[in-house]
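Hi,

Here is the structure I promised to pass on. Have a look at it first, and then read on for what turned up.

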Amino acid sequence: MDALLSSTTACPWKSLASSTLKQHQPNLTISLKCNVVSKKISLQSITDYKGMPRSCFLPQLFWKKFQKQSFLKSELILVGAGHPQKLLQKLIKWQQKVKQHFNVTFVRLVFGVMLVVLLSVGFNRAPSWALSDENLLFLEAWRTIDRAYVDKTFNGQSWFRYREEALRNEPMNTREETYIAIRKMLATLNDPFTRFLEPEKFKSLRSGTQGALTGVGLSIGYPVGYNGSASGLLVISSTPEAPASRAGILSGDIILAIDGTSTENMGIYDAAERLQGPEGTLVEVTVRSGSETKSLSLKREKVSFNPVKSRLCEVSVAGKDKSRDEGAVKEAIETLRMNNVNSFVLDLRDNSGGLFPEGIEIAKIWLDKGVIVYICDSRGVRDIYDTDGSGSVAASEPLAVLVNKGTASASEILAGALKDNKRATLFGERTYGKGKIQSVFELSDGSGLAVTVARYETPSHIDIDKVGVTPDHPLPATFPLDEDEICSCLKDPASVCYLNQVALFAMQ
């Protein structure tokens, strides 16, 4: 509200049944234009009801007595179905005439009372309607986004206005129509990771976090995440010994089609559902690997993602630990220590992440103290995950970490924490760059929402989303992914992939 004030108070606002107005007359638009003149106050303002704070509705100037002041002009315009505008205009003209014959205080009192009565008449004439069960489900989804979504500008739109317009315009007579309305609402956020899940899909998502699923062993994402291309879907990682890996599909390949359907405009979750299916069934995929395009028939099977494996390399520095689960990592460390291991290599290549809490707990194994990750929203740092060393198991032995473009999400958090705390040297290539955090919310009918609630920042306050974690050193181009072959690269100086102790722990 633009104003020129020569005193500290002018036209103070007064809440007048704002909740009643909001409930019974959502279409009401009120414009107020007032010009009040006193010895020390000069104010001109135009206020739109839709832009007002909820606690404000009408100016107190109609009721508050100002000493030695007089009204020069007061206009109130109401716009909305069922409002007696003509009657109000007549009321204003009547006010102008009456105040010529009566004192100003009396005119203000009568005009204020009649204005309240007039507004009440307008409210009573407004149409009344009740929210259906479908409307309530839509509002439940809307409130979930309103409270949890990371971007409080909601992609540059008025989230309250969208709610009102959707309830007014979107058909919600059946459950399927309501689901369509919810999906349409989420699409306005332009966030592929915030999505609606029907009850069956929500149940499937929950079961998919338990360590295994039936599919082909691929973790997929959007190519724009790391190379600016938007054609097809990117293979972030291919689970070792799974159907896709055995067929030769590698990290960095592009999936062009699934069962004959192009992936050009396909979402990653739609693609994941197409790749999954009953054990023993076939799925046809078209893949571009470099300049070569090939069609493959893959048989679905139960796939365990991110298993923990360890190998003992009998050299002066030793150990390979391909990890995701905290308990298994601790067990692997203790097993290797029984063989007098005094250095470790943590291989996070093609590890597309997993559960956020597990990533945090694994970081605590290697750190004696320090910040692990910052959780940030639109207002800055919202939460800090750190460690005091109480969960430390291997905080002193030299540690090297291997990463590549298939290292994503929680694995990136782990790699960033170890690098920024100067606990480990990172080798390989820049990681994928998935720095957004999603939480899953169940709705009352068994459906759910996966919502982007925050973003990650490393201990050095690096936002890794679409950027990733940059390693300290590259790996030799011939350095293998297979754990059985890694030992030869550490033991045999004649190997083309040889990486000696000095190079491996150069920054320790």
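This is a predicted model: local features need pLDDT of at least 70, side-chain atom pairs count only at pLDDT 80 or more; totals for chains, interfaces and linings use all residues.

The protein chain has 508 residues, and 45% of them count as buried. In terms of secondary structure, you'll find 14 helices and 24 strands in the protein chain. Of the contacts in the protein chain with a separation of 6 or more, 69% are between residues 24 or more positions apart.

Now for two helix pairs, starting with helix 4 and helix 5.

Helix 4 covers residues 133-148 and helix 5 covers residues 159-169; their axes come within 11 Å and cross at roughly 170°. Angles over 145 degrees count as roughly antiparallel, so that is how helix 4 runs relative to helix 5. The crossing of these two, helix 4 and helix 5, is right-handed. On the helix 4 side, the contact is made by Asn-135, Phe-138, Leu-139, Trp-142, Ile-145 and Asp-146. Helix 5 brings Trp-159, Phe-160, Tyr-162, Arg-163, Ala-166 and Leu-167 to the contact. Sorted by type, the residues where helix 4 and helix 5 touch are 9 nonpolar, 1 polar and 2 charged.

The other pair is helix 11 (residues 356-366) and helix 12 (residues 410-420), with axes that come within 9 Å and cross at roughly 25°. Since angles under 35 degrees count as roughly parallel, helix 11 and helix 12 are roughly parallel to each other. Their crossing, helix 11 with helix 12, is right-handed. From helix 11, Phe-356, Gly-359, Ile-360, Ile-362, Ala-363 and Trp-366 meet Ala-410, Ile-413, Leu-414 and Leu-418 of helix 12. The contact of helix 11 with helix 12 has 9 nonpolar residues, 1 polar and no charged.

How many of the 11 residues of helix 12 are buried? The count is 9, so helix 12 is mostly covered. The buried residues of helix 12 run through Ala-410, Ser-411, Glu-412, Ile-413, Leu-414, Ala-415, Gly-416, Ala-417 and Leu-418. And what covers them? The cover for the buried residues of helix 12 includes helix 11 along with strand 18 (344-347), strand 19, strand 21 (399-403), strand 22 (425-428) and strand 24 (448-457). Just after helix 12 comes Lys-422, which takes a positive phi of about 55°.

Strand 19 takes us to a couple of aspartates. Asp-377 lies in strand 19, which covers residues 370-377. Is Asp-377 buried or exposed? The cut-off for buried is under 20% relative accessible area, and Asp-377 has 9% relative accessibility, so Asp-377 counts as buried. Not counting residues up to four places away in sequence, Asp-377 touches Val-150, Arg-382 and Arg-455.

Asp-191 sits in a loop, the one between helix 6 (175-187) and strand 7 (195-197). With 11% relative accessibility, Asp-191 counts as buried. If you set aside its neighbours within four places in sequence, Asp-191 is in contact with Tyr-149 and Thr-452. Asp-191 and Asn-155 are 36 residues apart in sequence, and the distance between them in space is 8.9 Å, C-alpha to C-alpha.

Over to you, and happy browsing!

Notes
Residues are numbered from 1 along each chain as its sequence is written. Side-chain values use heavy atoms; hydrogens and water are left out. Axes are lines fitted to C-alpha atoms, for helices over the stretch in contact, and angles run from 0 to 180 degrees between N-to-C directions. Helices (H or I, at least four residues) and strands (E, at least two) are DSSP runs, numbered from the N terminus. Angles under 35 degrees count as roughly parallel, over 145 as roughly antiparallel, 65 to 115 as roughly perpendicular and the rest as oblique. A crossing is left-handed if the near helix is turned anticlockwise from the far one by less than a right angle, and right-handed if clockwise. Contact means heavy atoms within 4.5 Å. Ala, Val, Leu, Ile, Met, Phe, Trp, Tyr, Cys and Pro count as nonpolar, Asp, Glu, Lys and Arg as charged, and the others, Gly among them, as polar. Buried means under 20% relative accessible area, exposed over 50%, partly exposed in between (1.4 Å probe, protein chains only).
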